[in-house]
Amino acid sequence: MTAAVLVVAKYPVPGEAKTRLIPRYGPEGAAALAAAALLDTVRIAGAVHGARVVVACRGHLADAVRTEDLAVALAECAVIGQRGNGFGERLANAHRDAVGLGAHRVVQIGMDTPQVTAGQLAEMFDDLDRDDTDAILAPAGDGGWWALGLRDGRGASVLPSVPMSRPDTGAMTARALRGEGLRVRRAGLLDDVDVPADVDRVAVRCPPESEFARAAAQLRFSTDRSRHGAH
């Protein structure tokens, strides 16, 4: 394969997945949203023409919610484990592993932007073919980034040195890539799902068939009934 969408994910295990959503949705609800987002992301990645889907997972599928659905979806992907101590190191190794599988162009995303489209990902691959572009960085609304496109893994080595989950993570990542001599092109901004306020904001931007939008609506209904009492 010469192109791959690399999905860096954590298996949706209750109590471990999307922990910042637990105060509103509980461990099972947070895991259900994580599972739905991962299912959407894998489906969308699989719709990118000419690109293989590589999923770098952390955790154990057997402990996750929606195990059977995830197993079916992941059967169409190359599934690899995450390697490394910190998040940045795991990201860098995932890029290297995707290249090791034969991908010369890699667009890496997480599982927090289920509203992304196959067209947006395909456009990043097109941009990676440009003579004036070495890397693609797609900013997130919280100041981080939701996608990173690299050729032959060049630039992945900077990721362990970039502080993650900060309002300036996106700017620092772009600066680090440029410090390696890479010409960085910016892609479109998307909000990712980190905290409860993000859930509805992202869900309304998902297509009707979205697992995430469906899960969010079900949890919203359950939460409202619990808050106001069933009649």
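Before the first stop, one cut-off: a salt bridge here is a side-chain nitrogen of Lys or Arg within 4 Å of a carboxyl oxygen of Asp or Glu. Keep in mind, too, that this is a predicted model.

Now select Asp 127, which sits in helix H4 (residues 118–128). Which side chain of opposite charge is nearest to Asp 127? That's Arg 185, 4.5 Å away. Because a salt bridge calls for atoms within 4 Å, Asp 127 has none, even though it is buried. Show its surroundings as well: beyond its neighbours within four places in sequence, Asp 127 is in contact with Thr 133, Ile 136 and Arg 185.

Next, go for the largest nonpolar core, a set of 36 residues. Val 5, Val 7, Val 55, Ile 109, Leu 121, Met 124 and Trp 146 have the most contacts inside it. Colour the elements that give two or more residues to this core, including strand E1 (3–10), strand E2 (52–58) and H4. Helix H1 gives the largest share, six residues.

Zoom in on Ile 109. Leaving out neighbours within four places in sequence, its contacts include Val 5, Val 7, Leu 121 and Trp 146, along with Thr 41.

There's a second, separate core to pick out, with 28 residues. Ala 56, Val 106, Ala 156 and Val 184 are among them.

Last stop: Ala 71, in helix H2 (residues 67–74). Its relative accessibility is 37%, so Ala 71 counts as partly exposed. Draw a C-alpha to C-alpha line from Ala 71 to Leu 61: the two are 10 residues apart in sequence and 7.9 Å apart in space.

Conventions. Residues numbered from 1 in each chain as written. Predicted model: local features only at pLDDT ≥ 70, side-chain atom pairs only at ≥ 80, totals over all residues. Heavy atoms only, no water. Helix = DSSP H or I, 4+ residues; strand = E, 2+ residues; numbered from the N terminus. Buried < 20%, exposed > 50% of the residue type's maximum accessible area, 1.4 Å probe, protein only. Lys, Arg positive; Asp, Glu negative; His and termini not counted. Contact = heavy atoms within 4.5 Å. Core = buried A, V, L, I, M, F, W, Y, C linked by side-chain atoms within 4.5 Å.
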